[in-house]
Amino acid sequence: MTGTDIMRILRHKLKTMAACFLLAGCACMASAQDYTQMPGRDRNQGMIDALNQTVINPYATDDEDEPADTTVKEPKIRKPLESYFFDDSLRQEGSFVWTVDMSRNKVYRAVIDTLTDGFQITYPYLMKGVGDAYQGALGGASVPLSYFDRPQYRNFTFGQPYDAYNIFPESALFFNVKRPLTIFTYLTAGQKQKAEENFGITHAQNISPSTGFNLDYKSRGTKGVYNWQRQRAKNLSMAVSHTGKKYSVHAGYIYNTIQNRENGGIQDDRYITDTVFEQANTIPVNLTDAFNLIKDNTFYVVQSYGVPLRQLTEDDFSIADQSSVFFGHSFKYSRWHRVYTDTRRGTLIPVDDEGNTRSYYQFWNDNPTETRDSIAEILVSNKLFVQIQPFDRDGIIGTIDAGVGMDNHIYYQFVPDFYLQGLRNVKKTEYYAYGAVEGKFRRYLSWGGEVEFHPTGYRSGDIKAGADLSVSAFIKDKPLTLSGRFWHDRRSAGYWSERYFSNHYAWSNSFDKENETRIEASLEMPWAGFELGAYQSVVNNKIYYDANSLPAQATESVSVTGVYLRKDFRLGGFHLNHRVMLQWSTSQEIIPVPLGSAYLSYFFEFNIVRNVLRAQFGVDGRINTKWYAYGWNPSAAVFYNQREKEVGEYPMLDVFFNAKWKRMRILLKMEHLNDDMFGQRNYFSIPHYPQNKRVFKLGFSWSFYD
């Protein structure tokens, strides 16, 4: 063998080693590569080309190379997220969140709460708009000050006062994350024996770019500043999703529970307004052993499969821009259960100094000494739907939807003839059909319309129809959006407003259908922190709870008008944020609203350590005009239209310090700073339920990505 032959073999061996190192390096890079860094086919194809390089034969001549050994397995290529739900810009984000529509093949973008802004708002019912009127503590019932934000439950209306806590399939979050995400939150306030605690943990993880699961658990409540006030709301959502190129499925389990000691409010508001006291637990309350327990277990799944109307090619990354038809099905099983208990001894209230008493409740229908009211409601819902995508999913006619549904309801409650006939349940079945259409024109216009009709069965004749239009203009690429929405709802009365029997309340009604027509318009400039909204609603046959906590139906039409303004100013590090709501109701006895409500947040934002620790220091303020706010009835678990007392015109001021240290948010807050500062102590959000006195809060929220 000559020296030339030896050099040729060595040269080929070096080439072989280099090729092997290159192949191994590409395989490692492919397995470690963050899949969301491949937004389209170009980068994916580049990886394929690298892996398909030929391996040089060490025994070949200079003019001839041998193909790669076919017995060597090529590394498996990880497919990118190809779902038609998400566009390229969203796929590139490190993590994103959405909710799902249970009636059609659609998802809605949501937000992961990891921002410093607003972290000082620790009560969920105060996070939206101008906030709620509430019982005074975390975990209690509340009702939005804005009529247009008030929920209207069609099923299990006893859960409506706790809407700020409840999770439903339509509000459960689904995650797509590049790396496992865990968010741990803990906030506390007050002395240990009266402490308010807010705990939450969220974990999300993707098995593949298209498949992931997540868990969200929250426990929020207080041990009670006032007598017999312990309250706790717990919520769990476990969800799994797969959003593939053609097939998508969202499924999960939800658990909601409310555990509240009901004290019925304090016996005399003058203990707050006219007396200086040191300990809130020395104030007598109306109920001393009443308890409300509400539980919900829900299982759900919604899935769809897309059929392209033409054969796909290798260049078709997603079917979002292809003519397609989607076939889908959704299923939901939910069981709500409520138990209310008390004793006659625990409801007695003094009426004079001679020891005479009266019961907080007028009637004891079943048992004169103690109460145990138990009811339950089961809903089994099935829907079949089809969605047509004529051209592009984001085209001027993006999607056309149609579907049919069947809901089976079962209601359980004690009835007076129980001992003769046994416990009975009521079964009702409703059938309905629905449709929707929506589209876009680039980024300038979006529109949509929907209708749902119940032709037969339970709730026969109900109809809901709506339409919306949004037009955007751009000033130096900054959007200015004008939106309008119209909807009409003709709905049957809720079952429990017509048929109910308990130890303290009983009724049997036959109500006409409610009719509500609503028009909304808004102008938004997000870059300027500006939003202006106008609302108009006309309601006929409104069903409400009167001053005696009994369901009633209005005989006249009621009109409610609202104007909402949000404007945030920024001057250097100073932030001046404003939310104001004005409302007018033609009948405060039927639909009560405060004339004016406001939430203001003024703070200074600054760096303590640049790019490491950023902080906010400021004050929040809330106030609303006097109005006959809703009263709270513990036994019936409803807000009723009391005409006994007006509340309002009391400012609630909080001073706070927010900071974000890398991935951790930190909160220090003095809540109700102005307690007993200005000689006014009328701090009631609803009658007889005072808000907490001055209290110091602290806590943190830590995000982990690993």
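Are Tyr125 and Tyr165 buried or exposed? Both residues are buried, a term that denotes under 20% relative accessible area, whereas exposed denotes over 50% and partly exposed lies in between (1.4 Å probe, protein chains only).

The model is predicted, so local features need pLDDT of at least 70 and side-chain atom pairs count only at pLDDT 80 or more, while totals for chains, interfaces and linings use all residues. Residues are numbered from 1 along each chain as its sequence is written, and side-chain values use heavy atoms, with hydrogens and water left out.

**Aromatic pairs**

The whole structure holds 45 aromatic pairs. Rings of Phe, Tyr and Trp (its six-membered ring) pair if their centres lie within 6.5 Å; planes under 30 degrees apart count as stacked, over 60 as edge-to-face and the rest as tilted. Select Tyr125 and Tyr165: this pair is edge-to-face, with 6.2 Å centre to centre and 80° between the planes. Tyr125 lies in the loop between strand 2 and strand 3 (132-134), and Tyr165 in the loop between strand 4 (142-144) and strand 5, 40 residues apart. Helices (H or I, at least four residues) and strands (E, at least two) are DSSP runs, numbered from the N terminus.

Next, select Tyr411 and Tyr495, a stacked pair with 3.9 Å centre to centre and 10° between the planes. Tyr411 belongs to strand 16 (residues 399-413) and Tyr495 to helix 6 (residues 495-498), 84 residues apart. Tyr411 counts as buried because its relative accessible area is 3%; Tyr495 is buried at 9%. Both belong to a cluster linked by ring pairs, whose members include Trp336, Trp496 and Tyr545.

**An open sheet**

Move to strand 1 (residues 95-100). Three strands form an open sheet in the order 2-1-5, with antiparallel pairing; two strands pair if DSSP finds at least two bridges between them. Strand 2 (107-110) and strand 5 (174-177) are the edge strands, each pairing on one side only. Strands 1 and 2 are joined over four bridges, and Thr99 has Tyr108 of strand 2 as its bridge partner.

**Charges over rings**

Select Arg622, which lies over the face of Tyr599 at 4.0 Å from the ring centre. A charge sits over a ring if NZ of Lys or CZ of Arg is within 6 Å of the ring centre and within 35 degrees of the ring normal. Arg643 lies over the face of Tyr628, at 4.1 Å from the ring centre.

**A positive phi**

Finish at Lys662, in the loop between strand 33 (652-661) and strand 34 (664-671). Its phi is near 55°, and Lys662 is exposed because its relative accessibility is 59%.
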